[in-house]
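This text leads a new reader through one structure, step by step. Please keep the sequence and the 3D view at hand while reading.

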Amino acid sequence: MADRDLLVALAGQPNVGKSTVFNILTGLSQHVGNWPGKTVEKKEGYYISGATRIKIVDLPGSYSLTAYSEEERIARNFIINERPDVIVLIANGSAIERSLYLLAEFLLLKAPIIVALNMMDVAEQQGIRIDIDLLEKYLGIPVIPMVASKNQGIKALVSAILSLSEGKKEYMPSIADISEDHRDIFMELADILEKYITPPYLTRWTITKIMEGDPDITEKMSQTVPPDSWSKVQALLLRHEDSLFAVVRGRYDWIEGAVRSAVSEFKRGQILFTDRLDDILTRPVLGIPILLGVLALVFSLTYGLGLPLQQLLESLMNSLATWVEPLLGQSPWLRGIIVDGLIGGVGTVLTFLPVLLFFFAAMAFLEDVGYMARAAFVMDRFMHVIGLHGKSFFPICLGFGCNIPAVMGARILESGKTRLLTIFLTPFVPCTAKLAVVTLVAAAIFGKKAFIISWALVAGNILILGFSGAIVSRLFFKRQHMPFIMELPFYHKPNPRTIGMVTWKRIVAFVKKAGTIIVVFSVLLWFFSYFPGGNIEGSVLGFLGRSMEPIGRPIGLDWKMIVAVLASVTAKENSIAALGVLYGVGEVGIREILPNVMSHASALSFLVILMLFAPCVATLVVMKQEMGSWRWFLSSFIFMLLLSYVSGMAVYQFALMAGI
Amino acid sequence: MGRDIIPLILLKEGEEGIIHSVSGGLGLIGRLASMGLTSGMRVKVVRNVGGPLIVTTNGTRIAIGRGQAQKIVVRRLTDGTGKAEPA
């Protein structure tokens, strides 16, 4: 039983090992959700220490606390409004200046802070010595050295949290001042504004933020301060345009003091591992072929290991179906819902878990060792052509596994427009399930040429992704440039725990969607494919397909194929199941039956349409959620429908003319 | 010696400079400052071959687009030893 509850916030810049610390502290007690009304992830969990229950909230990683990004705004509003008992600022021992910059901002908020100086091993390897006692003395707050990846320093951190929250430790923080030449302006601003600043906002912090040009605080103050006083403020700021620099310079002076007193750096004789690797990996001539090689390796590993397992699960599902069927009695209802709906729909989706597991683990590995940032760097020039950001490369890559985590992965992009466009384009990345369908149909119809057909379809899809991106970004975003600023973290040894956590999280997200949305839609689909006629020909779906037959003619699809395309929206694999049912074959015999009922031209058109058609319903739901706008969501939906139709028609007519 | 003041983008790979000024919107300036790219800081260009640049400052490596790199003006340090003049 906990007698005491503490609220602790974990803060830090990206690439300081914050999630490692969070994972060690909270283990499996962590809960991942969203910050209210935001598409930024909120992670929280508990650490129990004796009679104290410590609730730990992981604040989004941010470089500073000025409201330029959603992450920064969330982090600082949390500190201001929730007033955590202790803030743990994770700092990177090998890049201490930059970490201290964020500390300077936090200290201004007058919250009790502990600095967890992480990656001390990396610092040591680089010849950086940090005297912890001197640093503590300079900063006036507790500093705990850590190597989180080796689980060192966690205990010390916890006891520091406890003693700081009990007021046992001396706490006299030194605070960065603005540079001397601007203190008068600060005082002038304070004279005007002081009486309008109300809790929870602090005077010094608010005025500093106004000098920095913080959009949120400026907006807030402009509404509370009477117009004549406010125009005085604006005149002052206009006269001293360099106020931001005064604030920044003040912080760096303060940082320099800390570094001078506590850090000694020896000449780095050895060329760093990172330097040497980057020399190869970021050189375009070498970097791009290496990237392609790495991706090829990831895919061959994923499919080499995952596909046999997938087939195993598939046969297990089939046996499950044959085992369950007799138990369900005579009711066609129950049989339809359980066997065709649940086992056929959800079961098939779940058989993809092994493939996804290997793929996500490989991606998390590349992310963890630091390679993904280099991939984003190398790809930036290409991504720019299609209106995306180097960082968009990462979610796009995830899309080859499953589109759901790809859409959610677009959150790493700071600019809202790039994020929208990345999500818009994600469905054009062929996911595992799409590839499975394409491989199966192509193999059944084209035999030995199937490999070339599949390859051409994937390549075509990627080209279409590129063209769509180029066109949409030109049309809607004009020539807005998207700033590209990205830290390249040091390469380091993979941390199995972090990789495991990331992979687990993505898999869970996938299973959750499969377990909820796909269940509902599988059952619904079965319902519509059975009623009112009692079989698929006489069902709502059959009727829909038949009434759409005229639309299907120019693209070479009969009504059965149309139904199969529609069914693919529940989950891509369902189109195979639909074909099986409609052409009256068991799934086993589909390879024999298909060549007799589909001409080559129709099959080509069918495959193209399947590749470009709306993604599965689970992806659609996530897309709507992450885009946060009906207008964007609907335009992307309509865009996909039109594009698939036009492309299908082009391929079909061309194939007919060419006599394929 | 070392008096030439040029945009960061003109530094060649391996060259170093002291940041003289950063122009652009407050958002960009603030973001760059929080990563250690602000006046008085020393930067080294690691990669500059079309596309984004890679620079290092204070032991951090940062990839930065050409557009943004245009807005950072540096004073080139010409002697190969990298001994900084007082900023």
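The model is predicted. Within the pair, I5(B) stands opposite R75(B) of β6(B).

Which sheet holds this pair? Both strands belong to an open sheet of 7 strands, ordered β10(A)-β5(B)-β4(B)-β3(B)-β2(B)-β6(B)-β1(B). The pairing in the sheet is antiparallel. Strands of a sheet pair through backbone hydrogen bonds, in a parallel or an antiparallel manner. Here β1 (5–7) of chain B is one edge strand, and β10 (485–488) of chain A is the other, each pairing on one side only. On average, neighbouring strands of the sheet are turned by 40 degrees against each other, direction ignored.

The order of the strands shows that the sheet takes in both chains, with β10(A) next to β5(B). How many bridges join β10(A) to β5(B)? There are 4, and the two strands run antiparallel. In this pairing, E487(A) stands opposite I62(B) of β5(B).

The contact between the chains can now be viewed as a whole. In it, 28 residues of chain A are in contact with 30 residues of chain B. On the side of chain A that touches chain B, the elements giving two or more residues are α3 (96–108), α11 (243–262), α16 and β10 of chain A. By class, the residues on this side of chain A are 15 nonpolar, 6 polar and 7 charged.

What remains is the layout of chain A itself. Its domain assignment gives domain 1 (4–165), domain 2 (180–265) and domain 3 (271–660). The centres of domain 1 of chain A and domain 3 of chain A, taken over C-alpha atoms, are separated by 38 Å. Their contact takes 12 residues from domain 1 of chain A and 13 residues from domain 3 of chain A. Which helix gives the most to the side of domain 1 of chain A that touches domain 3 of chain A? That is helix α1 (residues 18–26) of chain A, with 3 residues. This side of domain 1 of chain A has 4 nonpolar and 8 polar residues, and no charged residues.

Note on methods:
Residues are numbered from 1 along each chain as its sequence is written. Chains are lettered from A and ligands numbered from 1 in the order in which they are written. This is a predicted model: local features need pLDDT of at least 70, side-chain atom pairs count only at pLDDT 80 or more; totals for chains, interfaces and linings use all residues. Domain bounds come from an automatic or database domain assignment. Two residues are in contact if their C-beta atoms, placed from the backbone, lie within 7 Å. Ala, Val, Leu, Ile, Met, Phe, Trp, Tyr, Cys and Pro count as nonpolar, Asp, Glu, Lys and Arg as charged, and the others, Gly among them, as polar. Two strands pair if DSSP finds at least two bridges between them. Axes are lines fitted to C-alpha atoms, for helices over the stretch in contact, and angles run from 0 to 180 degrees between N-to-C directions.
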